[in-house]
Amino acid sequence: MSRSDAASRHAQAQHLAALLAGRPLALVGMMGAGKTTVGRRLASRMGRAFLDSDEEIERAAQMSIPEIFAQRGEVEFRAGETRVIARVLKHPNLVLATGGGAFVNLETRAVLKSEAVSVWIKADADLLFARVSRRSNRPLLQTANPRQTLERLVEERYPIYAEADVTVVSRDVPQETVASDLIEAVLAYLKGKA
């Protein structure tokens with residue numbers, strides 16, 4: 001990347017940070033969409049703090065997400081997730097990557113919509129499966145047919161994710177490119193609201 005391209009990217013990120021005026025950016029979407037990876041790059045470029053809601057939940061519960069699911073069930077996990085997200089969104093200048101089911105929960109979605117600019121990182125099922133099949137820490141995919149489970153989740157969740165303020169498509173490109181796409185899309189959204 002040329003020096004002028006890097007300067008232009010930096011200027012765009014700083015412009016977005018100024019337009020947000022401290023309001024958090026919340027990344028939503030399916031597991032494997034790249035919310036954490038893109039979120040870290042975005043936070044770095046914007047000079048913001050980055051948090052992953054799953055990591056914050058694990059810290060608060062003092063156990064892993066698979067352990068929470070096993071010991072307390074999904075309903076208790078979702079209640080804790082809502083509390084943690086509501087708490088962390090009180091921090092200004094934040095980029096938050098949420099878990100795949102967070103935005104699906106009505107209460108959590110309401111908190112995200114009122115306190116942050118929500119961005120759906122959308123990816124097709126093939127790309128998601130290629131990414132998530134590399135790791136075994138996905139409780140919702142601990143099924144006889146993880147591919148079929150993932151496709152069912154995509155079908156159920158995509159109409160809900162579409163309620164996010166902004167949609168950015170993740171594809172098989174460097175996540176830095178997706179971060180740039182996201183900055184441009186949120187800038188366009190904010191300018192449209194002005």
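Me: Where is glycine 39 found, and what makes that stretch a helix?
Reply: Glycine 39 is found in helix H2, residues 35-46. Helices are DSSP runs of H or I with at least four residues, strands are runs of E with at least two, and both are numbered from the N terminus. This is a predicted model with residues numbered from 1 along each chain as its sequence is written. Local features need pLDDT of at least 70 and side-chain atom pairs pLDDT 80 or more, totals for chains, interfaces and linings use all residues, and side-chain values use heavy atoms without hydrogens and water.

Me: Why is glycine 39 called buried?
Reply: Its relative accessibility is 0%. Buried means under 20% relative accessible area, exposed over 50%, and partly exposed in between (1.4 Å probe, protein chains only). Glycine 39 therefore counts as buried.

Me: What does glycine 39 touch, beyond residues up to four places away in sequence?
Reply: Leu27, Gly34, Phe50 and Val95. Contact means heavy atoms within 4.5 Å. Valine 95 is 56 residues away in sequence, yet the two C-alpha atoms are 6.2 Å apart.

Me: How do you know which class isoleucine 85 falls in?
Reply: Isoleucine 85 is found in helix H4. Its relative accessibility is 0%, so isoleucine 85 counts as buried. Setting aside neighbours within four places in sequence, isoleucine 85 is in contact with Ser53, Leu96, Thr98, Ala102, Thr108, Val111 and Leu112. For threonine 108, the C-alpha to C-alpha distance is 7.4 Å across 23 residues of sequence.

Me: Serine 170 lies in a loop. Why does serine 170 count as buried?
Reply: The loop runs between strand E5 (166-169) and helix H8 (175-193). Serine 170 has 4% relative accessibility, so it counts as buried. Its contacts, neighbours within four places aside, include Ala33, Ile121, Leu127 and Val178.

Me: What makes the pair of serine 170 and alanine 33 a polar contact?
Reply: A polar atom of the serine 170 side chain lies 3.2 Å from the backbone oxygen of alanine 33. A polar contact is a pair of N or O atoms within 3.5 Å; within protein, one must be able to donate a hydrogen and the other to accept it, and residues adjacent in sequence count only if both atoms are side-chain atoms.

Me: Which class does glutamine 62 get, and why?
Reply: At 74% relative accessibility, glutamine 62 counts as exposed. Glutamine 62 lies in the loop between helix H3 (53-61) and helix H4 (65-88). Its phi is near 55°, a positive value in a residue other than glycine.

Me: Why is asparagine 93 called partly exposed?
Reply: Asparagine 93 has 36% relative accessibility, so it counts as partly exposed. Asparagine 93 is in the loop between H4 and strand E3 (94-97). Phi of asparagine 93 is near 55°, again positive in a residue other than glycine.

Me: How many helices and strands does the chain have, and in what pattern?
Reply: The chain has 8 helices and 5 strands. Along the sequence they follow α-β-α-β-α-α-β-α-β-α-α-β-α.

Me: What makes the chain as compact as a globular protein of its length?
Reply: Its radius of gyration is 16 Å, close to the 16 Å that the globule rule gives for 194 residues, so the chain is as compact as a globular protein of that length. The radius is taken over C-alpha atoms, and the rule is 2.2 Å times the number of residues to the power 0.38. The C-alpha atoms fill a box of roughly 50 × 35 × 30 Å along the principal axes. Of the 194 residues, 47% count as buried.
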